[in-house]
Amino acid sequence: MNDADAMRHALSLGRRGLGRVWPNPAVGCVIVSGSRIVGRGWTRPGGRPHAERVALDQAGPLARGATAYVSLEPCAHHGRTPPCAEGLIEAGVARVVTTMEDPDPRVAGRGLAMLRAAGVTVETGICVDRARADQAGFLSRINLGRPMVTLKLATSFDGRIATASGESRWITGPAARRVVHAARLDHDAVLVGGGTARADDPELTVRELGARHQPIRIVAARRLDLPASGRLAASAGPDLWLLHADAPDGRRGFWEGAGARLIQVPLDGGRLDPAAMLAELGAQGLTRIFCEGGGSFAAALLQAGLVDRLVSFNAGLALGAEGQPALGAMGVSALADAPRFRLLDTRAIGPDVMTTWERA
């Protein structure tokens, strides 16, 4: 097994932790002795134990003299567990191959330096592009102070999300909805605006996939004017976060009493400040957010340059100009001012078409 193949395996293991390990990065580790894999691991839910510890425990004494392939620099700081770099050294690993340094200030090259000082051969730069894509959320939180944002739109082929009367279930088919639920699963949180919560009465949960894990559910509603008898109220608990600015005491008391977590953010032009909102969510440890609208809220995020990835599902029907547009007003008067995205992928999902875009 060559270095690239082993690292691709480690990266694939790491992706199993996406949406489950925040605020930690989702890391994979493969330990190879000779031509044999003797240990495999990925970061466990909640961020502990780390991938290296899982793989080392599996390898046992076979780790001595082996090569460890780790999809991000091994940590160098003491937290609830000892540093992974220290664990690799104590296990007698002879060589560590990784993609890139961990930008977390508590690590930032210290793990690699610790390994080299102990006589371990260290190599970096393997599968870097794939690693950056996998760690986009973690890198965003560390470098930008906010989570990565994926915006999902489900529209008719003329860009409408509902009829003039508000009917929207269902524009896209069951296959597309399953893909959306899978996307929720590998994000830390699902985010919608208050308008969508009022209009659709959503649960914002992962369904039909046998999932044991559920993302954090977040609603941005300035005055917490959400249905008191809806699905969110009925299922409120610590996994429901409500972003608000100047909600009346009665509404605050109702939602706090229901078990939801309330987070106050400042206003910008009479609406919740998008940048401050995401900065607060980053401070809470979130790394990957899946935003499902609605139109005004999505437009505000795009206008503020806060959407990193756009996933669009287009159905083979037309709703016409009287239908509700996918995006609210953005104040774009020149093409040069419009947010630009680069196409990553196009595929058919049942009768619908899914396109994935990355901010240019």
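## Around Asp308

Setting aside neighbours within four places in sequence, Asp308 is in contact (heavy atoms within 4.5 Å) with Arg146, Pro147, Met148, Val149, Phe341, Trp357, Glu358 and Arg359. Asp308 sits in the loop between α12 (295-303) and β15 (309-315); helices (H or I, at least four residues) and strands (E, at least two) are DSSP runs, numbered from the N terminus. With a relative accessible area of 14%, Asp308 is buried: buried means under 20%, exposed over 50% and partly exposed in between, using a 1.4 Å probe and protein chains only.

Two partners of the Asp308 side chain stand out for a closer look. One is the side chain of Arg146, in a polar contact at 2.9 Å, and another is the backbone nitrogen of Val149, 2.8 Å from a polar atom of the Asp308 side chain. A polar contact here is a pair of N or O atoms within 3.5 Å; within protein, one must be able to donate a hydrogen and the other to accept it, and residues adjacent in sequence count only if both atoms are side-chain atoms.

## What kind of model this is

This is a predicted model, in which local features need pLDDT of at least 70 and side-chain atom pairs count only at pLDDT 80 or more, while totals for chains, interfaces and linings use all residues. Residues are numbered from 1 along each chain as its sequence is written, and side-chain values use heavy atoms, with hydrogens and water left out.

## The whole chain

The protein chain holds 12 helices and 18 strands. Its radius of gyration is 22 Å, close to the 21 Å that the globule rule gives for 360 residues, so the chain is as compact as a globular protein of that length. (That radius is taken over C-alpha atoms, and the rule is 2.2 Å times the number of residues to the power 0.38.) Along its principal axes, the C-alpha trace spans about 70 × 45 × 40 Å.

Buried residues account for 51% of the 360. Of the contacts between residues at least 6 apart in sequence, 70% join residues at least 24 apart.

## The nine-stranded sheet

Nine strands form an open sheet with mixed pairing, in the order β11-β10-β9-β8-β14-β6-β15-β18-β17. β11 (261-264) and β17 (341-349) are the edge strands, each with a single partner, so one side of each has no neighbour in the sheet. Strands count as paired if DSSP finds at least two bridges between them.

Strands β6 (148-156) and β14 (288-291) run parallel and are joined by four bridges, and Leu151 stands opposite Cys291 in β14. Also in β14 is Arg288, which counts as buried at 9% relative accessibility. Beyond four places in sequence, its contacts include Leu18, Asp134, Asp186 and His187.

## Two helices

At its start, a side-chain oxygen of Asn2 comes within 3.2 Å of the backbone nitrogen of Ala4. The buried residues of α1 include Ala6, Met7, Ala10 and Leu11, and what covers its buried residues includes β1 (28-33), β2 (36-42) and α5 (128-134).

Helix α12 is mostly covered, with seven of its nine residues buried, among them Phe297, Leu301 and Leu302. Just after α12, Gly305 takes a positive phi of about 70°.
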